[in-house]
Amino acid sequence: MFKFRLIGIISLFSVLFVLAACSEESTSSGSSDASSNTLEVIKDRGTLNCGVNDNLTGFGVVAPDGSFEGFDIDFCKAIAAAILGDSSKVEYTPLTASARFEALGSGEVDVLIRNTTWTASRDRDLGNDFTAPTFYDGQGMMVYADSGYDSIESMSGATVCVLQGTTTELNLDDRFTGSGIPYTPLTFETNDPLQAAFEAKQCEGWTTDKSGLASKRAGFPAASGGPEALVVLAETLSKEPLGPLTRDNDSELYDVVQWVVFGMMQAEESGITSSNVSSMAANPADPGMARLLGVGFEGGEVQDFGFGISPDFMQNVLYQVGNYGEVYDRHLVPLGLTREGSLNAQWTDGGLIYAPPFR
Amino acid sequence: MRILLSRIRENFLGSKLDVILSITGALFIYFILSTLISFILNSDWTLILVNRKLMLTGLMPEEEIWRAWTIFSLTTILMTTSIAFWFKINIKSSIFYILLLLIPLLIFTTKNTLLYVLFIMILSIVFFYLGYRSKNSELKNIVSRIIMISWIILLPICFLILNILDGPKMTLWGGFMINLILAAIAIFAGFPLGILLALGRASSYKLIKLISTLYIEVIRGAPLVAWLLLAWFVLPKFLPNLFGLSDLNIVVRAMIVLSLFASAYIAEVIRGGLQSIPKGQEEASFALGMNSISNTIFIVLPQAIRIVIPTIVSTFIAIFKDTSLVFILAITDLLRIGRLIPEQQQAFFGKSIESLAVVALLFWVVSLVLSQISRTIEKKLNI
Amino acid sequence: MPSSLFTQFKSEDSIKKKLNLLFRNRIFRRFFIQFVFGIFLLLLFFYIVDKALNLELGFGHLSSRAGFGLSHTFIIDYNSNDSRWMGYFAGVINTIRVSLVGIVLATILGIFMGLARLSPNFLINKISTGYVEFIRNTPLLVQIIFWQLILLQLPHISKALTFGGLSVFSNKGILLPIISSNENGSLWTLILFLGLIISLILRSRLFKYKEEHVDLFSPNLISFFTFVVIAIISFFALSIKLSPSVPEVNINQYGTYIQSGGFILTPQFAAVLFALVLYTGTFITEIVRGSIQSLPKGQTEAAMALGLNSYQRITLIILPQALRSIIPPLTNQYLNLTKNSSLSVAIAYPDLFMVSRTIMNNAGHALPMFVLILITYLTLSLVISLIMNIINLRVTRIGA
């Protein structure tokens, strides 16, 4: 009986050695063989497969009737509106933090818009391409107000709850171990046991992106003390620029996603909203606005940037979804994440939201 | 009175050890029951009422729910007919079945669904009566065949109902329904595959035996969660680009993996059965002039399967419970929903234990029904 | 082909008759079927290898710095500066730890409950039946989460329950007093273990010797004495200092409660352990019950006729015979338990599966990690099967 198990192990070991022998890190990591044109695939298919979060208030949640809504969800809708003309032609695939990159890499989703941080290793090692960040966040630590912690140093010896497979886990370790502060991490696969553990004070701290902390804090049940019982420490453990990503070597789709995002930012800067986009398109105020909306200026030529989609894609986007500010106000302001003074204000207001020219 | 006392003495107080055991046992039962009862009475069960639909059918849109109701009614009617036809009906067992099927039903009924439920119950009673009457009539054989064929085509019909008229896409199927469907597919597909593997492992062709054994040992060597993850991440890279195979959605891949996994375990069980058939059977069939294939299909397999039916049914139950592991693929099955409700819905924050208890109850009911069926089959076949 | 077939082959003229002749021959037929099957397999194999070479393979990424911390490390001292191999190894140790303890406890529980299932005492019987029916039919994952939630109900560490100051019960874990030693402690434990095996072997040898040459010494005493001598000599050779370690809860300067001393049973480990033990225990109960029931009733009757009380009857007559037939299904359950420990991915117990998922997420390379996981689990299964096979051989030896 175990003779066969032995055979099985030996054959697997030989497979292992063969694999190891061919192991010199291949240059095309993560992506499949040739560069694929996902844009054409999407147009053929007629729907956009969007990888999202179904469990983060404000960014991506699923309602009991099966519909998705959130900040990231709106960007999915915008891309679908741009490529397919209809923001409802999206198929949402909820993904856990630890599974999202493989889902993108294996082709299960076309684009991943799931509050994902742009890092060097994710860009190269995991074979992804990040577009401009849609939300500049930072990692924070949330503790109980009555615990008296005021800085990371004071959390020496504490237990911290964190989600598995995220940059949060690695940043947490960098911060604590790098400063020689002893701590114990409790790594969970999903948020529900994490939340239960935090509520029972099994761990003293909860660390994730500050936007996530804001939403969790806002939803903290009154029975356990409500939002006032929690406080988010001032220190930001890391930079967390969140944004959409596509696969490596997928330039057509990458450019479309990139410029839809920029278009929404530019629209807000130019004052175009979902309510006035039709009148603006009929009567653009300046050549820049005309190029953005894909119409001619005072009877001039329509400029097609060659994205592979119809030149007036921004009109669909703005009409069906809205500009950057509308999307932000719709989903993130209720969480208490105000734009004034933060990195997410327009560049004209001192923030980092800046769209390159549509020219 | 004296008889009662002597009975008590016999059962509980036979010896010193018995006394200690009885006292400890009684205390233990008291402790468990009191915690349970206080838990049931003190918790807020509106959780279930609000989330019925979510737990049973997942994220299916409201307008597609009629499909779930159709499937449910078909299954219930078929089940009551089968029970009436094949099981021995006496007062004790009928009360048991009625209670068993009624409790979850009552939990999941509201005034909107009352009509549906009444309709199903009336139909069930009608078919129950029909089944009971035809048990002893001349139509027995025909009715028996009709019922068996109905069970076999139930699964394809369910798929038809779910997909007909532009049905909801597979990733929206969820809740308890997806657990049942995944289990049914895994069993239906895994069973014939398991038979083939068992025959392969027992065959005298060295190569086929080697491959079958390798397959079974490797599949059984790793936990199911590892295989499911493999299906998610690695399988798509290996599928050919034809027939849209490389675009299979996650639910179909979960079905494939569960079937392959089930087949390995079923193969082991059947192999045990095959080994216990006396070699004389095979020799007799060859003496009668049958070739190897007929021998296998008509003589050896029926006997082997008959012997291991109890073990196979317990493997089926295990497969059904293992469908809860698809949480790792972010498929919204019953368990995942049960864990998400206390977390996402404000009203039910912190009620994780209640939510989990309902999930456990649903799994438990189905497993219990399956094991009862197994026991009845055992009795019928006189094992 | 045998020569007769060959000559017949040559003698037939038409192709159709030749083919007919070939396929009628049993040996050729079998060879042909396996040949076709083999070609099919080779094609499949090449297809898979071709696709596999497109993926990133290789284990180079496992040598780089891990960067993540683990909440449970045992035996080895792991921190985030070690390589990922060390992290994986720490995960393997965690899996072995929970599996080993789980196997031992589940077996004990299973045997007790199996006996209870057959007890004439009504209450005990029904308790055992209820236990089996309830726990067996609920998915294991549900039970693990359930235990984690239950253990969260323990009081917060600031209000921890202490029993006479000797142990601490809180939702951060259960601490129990233990005897601990200085550095060479684990080495000494290993030597004690080896000494135990040596003295047991000595004992059985001496018993055999005693059968053939009647002497007046007692093998038990001699082997015990040997064991004690080994223990004492190694004790002084390694200069072990034993001291009782009582758990303490202190507050550090920032107000965090620090637990130290004693032996800690973390809630995560406890949750996985309890769920695994109770779940596997039900299956072992059924196995034990089945094997006891399969013993001829005459054994019980003879034992009662001989005047043995029930304790003697069970330990001297029933159990030794029943244990013979339970080893193979028991092995199966042990393997299941080891594989089911992978479900601790749901709560924060870092077994090997969870660590490999973290590595996969940080560095990609899914396929090599899977092969590694597969090999690890197969090796663990092999080791368990081997040990159980040895036990099986010893137990089923006639007259053992």
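Visitor: What is the handedness of the crossing of H4(C) and H5(C)?
Guide: Left-handed. Bear in mind that this is a predicted model.

Visitor: At what angle do the axes of H4 and H5 of chain C cross?
Guide: Roughly 125°, with the axes coming within 7 Å. H4 covers residues 84-117 of chain C, and H5 covers residues 122-136 of chain C.

Visitor: Which residues make the contact?
Guide: H4(C) supplies Met113(C), Ala116(C) and Arg117(C). From H5(C) come Ile124(C), Asn125(C), Ile127(C), Ser128(C), Thr129(C) and Tyr131(C).

Visitor: And by class, how many of each?
Guide: Five nonpolar, three polar and one charged, for the contact of H4(C) with H5(C).

Visitor: Switching to chain A. How many helices and strands?
Guide: Chain A has 13 helices and 13 strands. It has 359 residues, and 54% of them count as buried.

Visitor: What's the order in the open sheet of three strands?
Guide: S2-S3-S4 in chain A, with antiparallel pairing.

Visitor: Which strands stand at the edges?
Guide: S2 (55-56) and S4 (68-69) of chain A. Each has a single partner strand, so one side of each lacks a neighbour in the sheet.

Visitor: How many bridges join S3 and S4 of chain A?
Guide: Two, in the antiparallel sense; S3 of chain A spans residues 60-62.

Visitor: What stands opposite Val61(A)?
Guide: Glu69(A), in S4(A).

Conventions. Residues numbered from 1 in each chain as written. Chains lettered and ligands numbered in written order. Predicted model: local features only at pLDDT ≥ 70, side-chain atom pairs only at ≥ 80, totals over all residues. Helix = DSSP H or I, 4+ residues; strand = E, 2+ residues; numbered from the N terminus. Buried ≥ 20, exposed ≤ 12 C-beta atoms within 10 Å, placed from the backbone. Pairing = 2+ DSSP bridges. Axes fitted to C-alpha atoms, helices over the stretch in contact; angles between N-to-C directions. Left-handed = near helix turned anticlockwise from the far one by under 90°. Contact = placed C-beta atoms within 7 Å. Nonpolar A, V, L, I, M, F, W, Y, C, P; charged D, E, K, R; others polar.
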